[in-house]
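Me: I have a structure to read. Please take me through its features one at a time.

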There are 2 protein chains.
Amino acid sequence: MSSKSRVLLADDHAVLRAGIRLLLNSQPDFNVVGEAASGIEALTLAEQTQPDLILLDLSMPGLGGLDALPVLRQRAPNTRILILTMHDDPQYLRKALKSGAAGYVLKKAADIELLSAMRAVLRGEVYVHPSMTRSLLEDLIPQGESSDELDLWKGLSDREQEVLRLVALGYTSAEIAARLNLSTKTVETYRARGMEKLGLSNRASLVRFALRNELITPD
Amino acid sequence: MSSKSRVLLADDHAVLRAGIRLLLNSQPDFNVVGEAASGIEALTLAEQTQPDLILLDLSMPGLGGLDALPVLRQRAPNTRILILTMHDDPQYLRKALKSGAAGYVLKKAADIELLSAMRAVLRGEVYVHPSMTRSLLEDLIPQGESSDELDLWKGLSDREQEVLRLVALGYTSAEIAARLNLSTKTVETYRARGMEKLGLSNRASLVRFALRNELITPD
DNA sequence: CCTCTTTGTAAGGTTTTCCCTGACAATCGT
DNA sequence: ACGATTGTCAGGGAAAACCTTACAAAGAGG
């Protein structure tokens, strides 16, 4: 890599931009080519300058980073986007990654971490602040806890599980009966027996139960 | 942290163990307290020495690292386990993390990376080699594109969204009315209008819609 | 400035679905 | 071999959903 990486700063705090600019310009391999104080501005500048990397804040006035992200990805497809934010919220992380961010660094992180994240991202890697990687994993690995609730569920008969799943998915007894080639009344029995065993009394709590235990997915 | 971290090496390659031992002993904050050449040996030593950290290879003769992992977690609950392996296979990564590994480093990684991974893990963080983080994400973020539906959803009024969410969660109109301080009939209007806008005709399809677009969670 | 549409609010009446109570044969566990 | 569980089904009253209609306030558009 002979020439410097061209970086666009998008953050509404001028002080922070100034600080980062100083930091980056003191490095041999970075060059700040633009600064944006809002999502809109970031869009314009990104399109004009087609930088190698954008440091994007999530919370900006008007068009926030999360909303700007997908558009940026479209208008500057070869630009890597590194989220730089104060929110150590897993929700934001997920949304950002989903929208095509290449990395996620917290503002409270050290300079060195920022730089190494930037370099990793430019190398094509994905960088996530370690403390947040964990939350990502907790999301990914939830199959760890077979709670007492799951045991309860496993205690149901096959029919009961099948019917309750469909009930939780919003099907009426008639629809379920049709699908399983049973009488409506039969289905209602399974439903009642199953609900009783789970100690649930209405559809809403059943749905939450199913959601909690990941019994239902959109298939 | 005044005293050194006690480390157990588990790898069947003596050369590699020797190299790592040299590396670690040259550091101010690590102290190798044992070496195991097999999964079984690792178990025994871990139980005896209760180290702060185990560097665990996945491919060892007899009891492999993946099999030893859960047992180690049980017999040495306060020990963090860092996988050190040559396999950059996402499958192994997932299994290892699922079984309670705190980190995953490739043997081809630089010394420095190993050290920083070890420190991160001891700090309680989760460390995954960045090139593998990406595969983790691809696993986690498969719900790539469905945004036309999301746009549809965003076109609903606030009340409509609120009501439909609750409907999808299985609440009856009466329950929703109570929660939102509205008349049952009003709620039913929102429900009908919203469903119409989404082109849905029954609760089941609404639930699947909500599931697909992650509109409902167990909160 | 005056329509047209959208939004928030609500009711009446009809149709569907739910829920509670039974029922009975087959399987199963011990 | 006998009580418990499972799979199957019904009747009837209560509850919920569904369809249609209504109207005022707020916004959009010409």
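Me: What share of the contacts in chain A with a separation of 6 or more comes from residues 24 or more positions apart?

Reply: Two residues are in contact if their C-beta atoms, placed from the backbone, lie within 7 Å. In chain A, 62% of the contacts with a separation of 6 or more join residues 24 or more positions apart. This is a predicted model, where local features need pLDDT of at least 70, side-chain atom pairs count only at pLDDT 80 or more, and totals for chains, interfaces and linings use all residues. Residues are numbered from 1 along each chain as its sequence is written, while chains are lettered from A and ligands numbered from 1 in the order in which they are written.

Me: How many helices and strands does chain A have?

Reply: Helices (H or I, at least four residues) and strands (E, at least two) are DSSP runs, numbered from the N terminus. Chain A has 11 helices and 6 strands.

Me: What percentage of chain A is buried?

Reply: A residue is buried if 20 or more other C-beta atoms lie within 10 Å of its own, exposed if 12 or fewer, and partly exposed in between; C-beta atoms are placed from the backbone. Of the 219 residues in chain A, 36% are buried.

Me: Which residues of α8(B) are buried, and what do they pack against?

Reply: They are B:E160, B:V163, B:L164, B:L166, B:V167 and B:A168. These buried residues pack against α9, α10 and α11 (203-212) of chain B. Just after α8(B), B:G170 has a positive phi of about 100°.

Me: How many residues does each chain give to the contact between chain A and chain B?

Reply: Chain A gives 31 residues and chain B gives 30. On the chain A side, α4 (90-98), β6 (127-128), α6 (130-140) and α11 (203-212) each supply at least two. The most come from α6(A), with 8 residues. For classes, Ala, Val, Leu, Ile, Met, Phe, Trp, Tyr, Cys and Pro count as nonpolar, Asp, Glu, Lys and Arg as charged, and the others, Gly among them, as polar. The side of chain A that touches chain B has 18 nonpolar, 5 polar and 8 charged residues.

Me: Which residues come nearest to DNA strand C?

Reply: A residue is near a strand if its C-beta atom, placed from the backbone, lies within 6 Å of it. Of 18 residues around DNA strand C, the nearest are A:S173, B:S157, B:R159, B:S183 and B:K185. α10(B) gives the most to this surface, with 5 residues.
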